[in-house]
Structure formats: C-alpha cells, structure tokens
Amino acid sequence: RNRSMAEWNLPPGEPSICSICEHGTWVELGGGNFQESTEGLPVYRPNIEAREGSTVDILWDLEAADIPLHDGHAERIKMMHFFQHLSFKSARELLADCHRVLQPGGLIIIMVGDIEYLCQKVLEDGLQEWLAMSIWGEQEHLFDFHKWGYTFETLSTELAAAGFNSIAHRGHYNPWEFLVTARRS
C-alpha cells in the first residue's frame, strides 16, 4: 500500500519568506506542474523546474546550472521522483549545491526509485512495461528519462560525501520508491 506523507514523520513547521530574496524557504526541485504532490504534501514554493507550468516559480535546468538561490536560503529542500532523472555527475553536484543553499541544520527530503527492488523484480518477473517505466521513465520528454538508480546505501554515501548528516531511511512509499531525509551539517 502507498503511504501518506503524514506517515513519514517529517518535522512539523511552516515555511517562511526569505528577507533577502522574498522566496519561500521550503524549496521544491523538479516539482513538475502539480498543485499537490501525489504523496499528499503540497508542492514547496519556490518550485524550480526545467519545464514551464502554472505552479513552476523558477524555470531552470538544474542539471545545467546551480540552484538560483543564495547561500543559506532554504530551511528545507524537497525532491520527489526527480533525483533519478539526473546523471550521476549532475546529481552529485546538485547535492553539494543543496548543501550550499540549505541553512545549517536544514532538511533535505528525497524520494527515489529503489533500484535494488526494481532489478530484483526484473529477475523474478521479467521486464514488464510498468517496470521499464519505473526504471527508464515515461520518455515523453527529454527530462522524463531516468539516468541513474539508487539504493538507500548508495544515496546515503552520496549525501554524506556532500556534507549531510542525520541521514535517515523514512520507509517505502510503495515497494519500489523510498524516502530519505538528511540534515545540513
């Protein structure tokens, strides 16, 4: 069964507005054009996305350039179903940039596909259409492709290398996607 965001036990609070740039301090990266995420959590604002949409606040290619926010801007950064759309090199660079943008003690929230589970399903069931989409994305647009896969261990290693601590596996949303949180040191 899919978990609701209330079950993730994320710390409570409300975003504030930054006195320097007047953007919200809860930032969404690659949030798409949604009023609310499929996980029941509102899309954080600003929503920084590479494709135009009514809920996109900053049109920006995060694989090509740093996050367009100042150092120490964000209390939280959330990436849902986005991180695996980046190349390994770009993902590593983005984590370092998230560390720069987060305030000390700030929270990063990442939901990604569990590549270990997906590969096990391929071995057990063969390559099925839903599994191919889970691994490679919907492929309707250049930004839809999945470019990398993660396990909790590999994502934890990358977060730690970028300077994050308090890395926690928050559980699976469904059998093939898990949520991880970490804090900026």
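There are 3 aromatic pairs in this chain, and the model that shows them is predicted. Trp26 belongs to strand 1, while Tyr44 sits in the loop between strand 1 and strand 2, 18 residues apart.

**Around Trp26 and Tyr44**
- Trp26 is buried, at 10% relative accessible area.
- Tyr44 is buried too, with a relative accessibility of 4%.
- Arg76 lies over the face of Trp26, 3.9 Å from the ring centre.
- Lys78 lies over the face of Tyr44, 4.9 Å from the ring centre.

**Phe88 and Trp148**
- These rings have centres 4.8 Å apart and planes at 40 degrees, so this pair is tilted.
- Phe88 is in helix 1 and Trp148 is in the loop between helix 3 and helix 4, so the pair ties together parts 60 residues apart in sequence.
- Phe88 is partly exposed at 26% relative accessibility.
- Trp148 is partly exposed at 42%.

**Nonpolar cores**
- The largest nonpolar core holds 30 residues, and Leu29, Phe83 and Ile108 have the most contacts inside it.
- Helix 1 gives this core its largest share, 5 residues.
- Ile108 touches Ile77, Leu95, Phe164 and Val180, among others.
- A second, separate core has 10 residues, including Trp8 and Leu179.

**Ends of helix 2**
- Asp114 caps the N-terminal end of helix 2, with a side-chain oxygen 3.2 Å from the backbone nitrogen of Glu116.
- Gly126 follows helix 2 and has a positive phi, near 85 degrees.

Notes. Residues numbered from 1 in each chain as written. Predicted model: local features only at pLDDT ≥ 70, side-chain atom pairs only at ≥ 80, totals over all residues. Heavy atoms only, no water. Core = buried A, V, L, I, M, F, W, Y, C linked by side-chain atoms within 4.5 Å. Buried < 20%, exposed > 50% of the residue type's maximum accessible area, 1.4 Å probe, protein only. Helix = DSSP H or I, 4+ residues; strand = E, 2+ residues; numbered from the N terminus. Contact = heavy atoms within 4.5 Å. Polar contact = N/O pair within 3.5 Å; in protein donor to acceptor, adjacent residues only side chain to side chain. Phe/Tyr/Trp six-rings, centres within 6.5 Å; stacked < 30°, edge-to-face > 60°. Lys NZ or Arg CZ within 6 Å of the ring centre and 35° of its normal. Lists of a residue's contacts leave out its neighbours within four places in sequence.
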